[in-house]
There are 2 protein chains.
Amino acid sequence: MSLVVVGSIAYDAVETPHGRVERMLGGACTYIALAASYFTQCKVVAVVGEDFADKDVELLASRNIDLAGMERAAGKTFFWSGVYSHDMNDRMTLRTDLNVFADFSPKLPDSYRDDPYLFLGNIQPALQKTVRAQMPQLRVTGGDTMNYWIADYREELLETIREWDFLLINDSEARMLSGEQNLRRAANAILAMGPNTLVIKRGEYGAMLFRRDQYFIVPGYLLEEVFDPTGAGDSFAGGFIGYLAERGCDLKNGHVERRDLARAVIYGSVMGSFCCEQFGVDRFRSLSRDDIERRFREFRTFTEF
Amino acid sequence: MSLVVVGSIAYDAVETPHGRVERMLGGACTYIALAASYFTQCKVVAVVGEDFADKDVELLASRNIDLAGMERAAGKTFFWSGVYSHDMNDRMTLRTDLNVFADFSPKLPDSYRDDPYLFLGNIQPALQKTVRAQMPQLRVTGGDTMNYWIADYREELLETIREWDFLLINDSEARMLSGEQNLRRAANAILAMGPNTLVIKRGEYGAMLFRRDQYFIVPGYLLEEVFDPTGAGDSFAGGFIGYLAERGCDLKNGHVERRDLARAVIYGSVMGSFCCEQFGVDRFRSLSRDDIERRFREFRTFTEF
């Protein structure tokens, strides 16, 4: 069933110990939609500039991603550049030019309004809230946020996530949002804020899913070579929500099997791991559903006891 | 089948965010033997001073641990004191008084010589080697080491571990020993040094086991309250080797099931998690095998998909 993804589409310049790319397609919405497109039909809500290249439109379209909600505005596309540390656990932002993204105001095409799945990428909480308000048929609403909104827009953020079924953030964001160092306590505190499901990404250490009465943890996939971690967390998000949409899960009305949630976390992990194997979105140019299923089975092999 | 454990028995002074203990039983050998004692008969090789308390002898004896190899020397027992950081991921050593441990030269009682399982705690590699040389019937030899031996006694260490079936170290030690940042590459490099099995402890993130043709990863158990992480890694070691001994696994001649190895890692994780629940060895005063089996099943519940 169709999934609407809201967020940034960008051009990135990235340097990792494996090399350097001056300009490549990026942005949270891009990674989420590409990853989710292996599981379900995606529709994006985003803004790009006049410089947005045809070949990038073609890549998204080739994955059957609906671009009716991709607005083209006067000016340049959001640009980000960064350098990763030697072990790739840290990155330094060199430059952020918001460009057309500075005035991003998500416009939902009529053809998106009755869709059942919504993923709200990391944008201002109030904007995330306006999108959700326009979609009356949602079965699953979830999204991401970041330290900036947690620190400086806390009230807006709390009002926004109160209506979500799941929140998907990383461990340091979970600690910051909850004020708890211990992740089990952090999870309990966040589940009391509204979402019935919390997913915590831990980078190379894997991911966790919490609900009031259960939790699931998976270790990270061990890549022999991490080429570029850019977009791995967003690819995780795409795999996670994409699988829930494929399965027709309903988090809003509570009809969801534990197994589906756990597998959604595995598919998220699978998509995040593939993303790191090449620069930017390159791995998605050749990736097949068979590759995904093979790695899913590999997860089973190295975690079963 | 019986397990011989060689290493330190100590008194520790520890401060964590939950409190402070001025003097408590500690040392790698103590934790390893206590944890392993739930699975198999343990025999220790260690040295203590004249100040070693009867109640501590009694605790070890109450777990049916053979103390024939626990030498009592003139002087004081090894003393260590440390303070943990707020999140307990770091600790600072305040004081290390080696005392009788400075001249520790492991003496193997005749009654230990034909035992099939040996765990060599973190001591000078050449001493580890002499113990192994005295035990002709070994089915499993494994042990631990630390950054100091890796950096300053590298050749001795390499000669020693060449004869081991498994090496059990933490992730930073694995990186240091192999010179590889990536853990999959680090594991391959270490497996080429002799051991057929490598276990890497990752603290709160869990543990991994590598063999030439397979690997297994388990996330860490999520405690709601970590009281004191002292001894958690050694308790892991005790659970791991203890279970292999209980199952009669033979790593030397290769008769070992993947499932037994994976479960040994789970039992190690279970014992490490219990250790953190109270100060020092206190949790082992009340812990039962039923508690252990319950947590083992909990591991299955939160990792199955």
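Which residues of α8(A) meet which residues of α9(A)? In this predicted model, A:A232, A:S235, A:F236, A:G239, A:F240, A:Y243, A:L244 and A:R247 are the residues that α8(A) brings to the contact, and their counterparts in α9(A) are A:R259, A:D260, A:L261, A:R263, A:A264, A:V265, A:Y267, A:G268, A:S269, A:M271, A:G272 and A:C275. By class, the residues of this contact comprise 11 nonpolar, five polar and four charged. The two helices, α8 spanning residues 232–247 and α9 spanning residues 258–275 of chain A, have axes that come within 7 Å and cross at roughly 145°, and the crossing of α8(A) and α9(A) is right-handed.

In chain B, the axes of α8 (residues 232–247) and α9 (residues 258–275) likewise come within 7 Å, with a crossing angle of roughly 145°, and the crossing of α8(B) and α9(B) is right-handed. The residues from α8(B) include B:F236, B:F240 and B:Y243, and among those they meet in α9(B) are B:L261, B:V265 and B:M271. The contact of α8(B) with α9(B) divides into 11 nonpolar, five polar and four charged residues.

Chain A also contains an open sheet of nine strands with mixed pairing, in the order β5-β4-β1-β8-β9-β10-β11-β12-β13. Its edges are formed by β5 (66–72) and β13 (214–218) of chain A, each of which has a single partner strand, so that one side of each is left without a neighbour in the sheet. On average, and with direction ignored, neighbouring strands of this sheet are turned by 15° against each other. At the β5 end, β4(A), residues 42–48, pairs with β5(A) in the parallel sense over five bridges, and A:K43 stands opposite A:D66 in β5(A). Helix α1 (residues 28–36) of chain A packs on this sheet, where it touches β1 (3–6), β4 and β8 (117–120) of chain A, and the direction of α1 makes about 160° with that of β4(A).

An open sheet of four strands, again with mixed pairing, is arranged in chain A in the order β3-β2-β6-β7. Here β3 (19–26) and β7 (91–97) of chain A stand at the edges with a single partner strand each, so one side of each is left without a neighbour in the sheet. The twist from one strand to the next averages 15°. Strand β2(A), residues 10–16, and β3(A) are paired in the antiparallel sense over six bridges, with A:Y11 standing opposite A:L25 in β3(A). Helix α1(A) packs on this four-stranded sheet as well, touching β2 and β3 of chain A, and its direction makes about 75° with that of β3(A).

Within the area that chain B buries against chain A, B:Y205, B:L222 and B:F305 supply 27%, more than any other three residues.

Note on methods. Residues are numbered from 1 along each chain as its sequence is written. Chains are lettered from A and ligands numbered from 1 in the order in which they are written. This is a predicted model: local features need pLDDT of at least 70, side-chain atom pairs count only at pLDDT 80 or more; totals for chains, interfaces and linings use all residues. Side-chain values use heavy atoms; hydrogens and water are left out. Two strands pair if DSSP finds at least two bridges between them. Axes are lines fitted to C-alpha atoms, for helices over the stretch in contact, and angles run from 0 to 180 degrees between N-to-C directions. Contact means heavy atoms within 4.5 Å. A crossing is left-handed if the near helix is turned anticlockwise from the far one by less than a right angle, and right-handed if clockwise. Ala, Val, Leu, Ile, Met, Phe, Trp, Tyr, Cys and Pro count as nonpolar, Asp, Glu, Lys and Arg as charged, and the others, Gly among them, as polar. Buried area is the accessible area (1.4 Å probe) that two parts lose on being put together, summed over both.
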